[in-house]
Amino acid sequence: METARVLVAADKFKGSLTAVQVAERVTAGLRRVVPDVPVETLPVADGGDGTVAAAVAAGFERREARVTGPLGDPVTAAYALRGPTAVVEMAEASGLQHLPDGVFAPLTATTYGSGELLLAALEAGATTIVFGVGGSATTDGGAGMLAALGARFLDADGKPVGPGGGPLAELAEADLTGLDPRLADIDLVLASDVDNPLTGPEGAPEVYGRQKGASEEDIAVLDAALAHYASILGPDTAALPGAGAAGGIGYGALVALGARFRPGIEVMLDVLGFAPALARATLVITGEGSLDEQTLHGKAPAGVAAAARSAGIEVVAVCGRLALPPEALEKAGIRRAYALAELEPDPAVSMAQAGPLLERAAESIARDFLLR
């Protein structure tokens, strides 16, 4: 009988455990049942929040920079660097986590700090930048980011337009000639789990604006302002896949910076060295806080499962909440899912006790898959 070798490649349980903590708890649970089982851990992320942490766990160096937060106040943001490759997470600079509780600025929140974070990676010598986008507090089409990189956005009087997506309605001229010349020589990869266009029924304001505090009126204002912005930057560019990612920062990266769009989990699996780790495994354990319909559309567990299935390696998943039927799991390449909600039905208690519960779930996985 072949010796079992487990690869734990799970995302965070948002609000409860980081991806690193998930891997630690799963490993502890497995070894309570099979003490000597070889376990390799590779925390993963799909380009959203937690992407830098996953890169650091995989051996990248954590770097920090003081940048402009979404409301204009200075914040400390991290990025990851290994050799000539940097992993930059826009949420570190422009994410919802930088907003005080209950305070939103849907029309004026800026991605300026994300541009400053990209500059920090350039200054550090990066020639390949994986730009993970998601979890943004902003809907400015990446205009703030581009301004930090040297672009100028002017109104009819030749004055700079204000921060955020709303003021883009007053945009008369977009001058990109001042963009940092180093940007022309780097490989900028836009890593995202969404492929929405910039505007329209599937666009950034309509689909994601409400979670950033936008009213119905704000959404209409932002959609019109971003459509106007896109008409100046380039005809027929608003429909590019990924343009609507992270409040439209995807649009700015694709159109003005020449980024290439790739599904976030695919990029991150490459960057983190998933393929060689997978080759060493006989069982893969993946997961995230909620396994639901969104999981199937580019989230980390789906990407891990697809890669493992292609290699003929069995996959099981752990999660806080399971909202997928067995046939959907099977179609995604996941043999079975173990939900913390099955052990503790109260969501608040389950989140508070996620660590110990996850260890119990991992014990079940060991009994079901490692002792057979």
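A pocket is an open set of points on a 1 Å grid over the protein atoms alone, with a 1.4 Å probe fitting at each point and protein on both sides within 12 Å along at least five of seven lines. In this predicted model, local features need pLDDT of at least 70, side-chain atom pairs count only at pLDDT 80 or more, and totals for chains, interfaces and linings use all residues. Residues are numbered from 1 along each chain as its sequence is written, and side-chain values use heavy atoms, with hydrogens and water left out.

The largest pocket has a volume of about 850 Å³, taken as the space filled by probe spheres set on the points. Of its 29 lining residues, Lys14, Asp46, Asp193, Gln294 and Lys299 are the closest to the centre; a lining residue has an atom within 4 Å of a point. The lining comprises five nonpolar, 13 polar and 11 charged residues, with Asp, Glu, Lys and Arg counted as charged. Helix H8 (245-256) and strand E11 (283-291) each supply at least two lining residues, and E11 gives the most, with three.

Two aromatic pairs are present in the structure, where ring centres must lie within 6.5 Å and planes under 30 degrees apart count as stacked, over 60 as edge-to-face and the rest as tilted. Phenylalanine 153 and tyrosine 229 form a tilted pair, at 6.0 Å centre to centre and 55° between the planes. Because phenylalanine 153 lies in strand E7 (residues 152-154) and tyrosine 229 in helix H7 (residues 216-233), the pair ties together parts 76 residues apart in sequence. Phenylalanine 153 is buried (under 20% relative accessible area), at 7%, and tyrosine 229 is buried at 0%. Ring pairs link Phe153, Tyr229 and Tyr251 into a cluster.

Methods
Helices (H or I, at least four residues) and strands (E, at least two) are DSSP runs, numbered from the N terminus. Buried means under 20% relative accessible area, exposed over 50%, partly exposed in between (1.4 Å probe, protein chains only).
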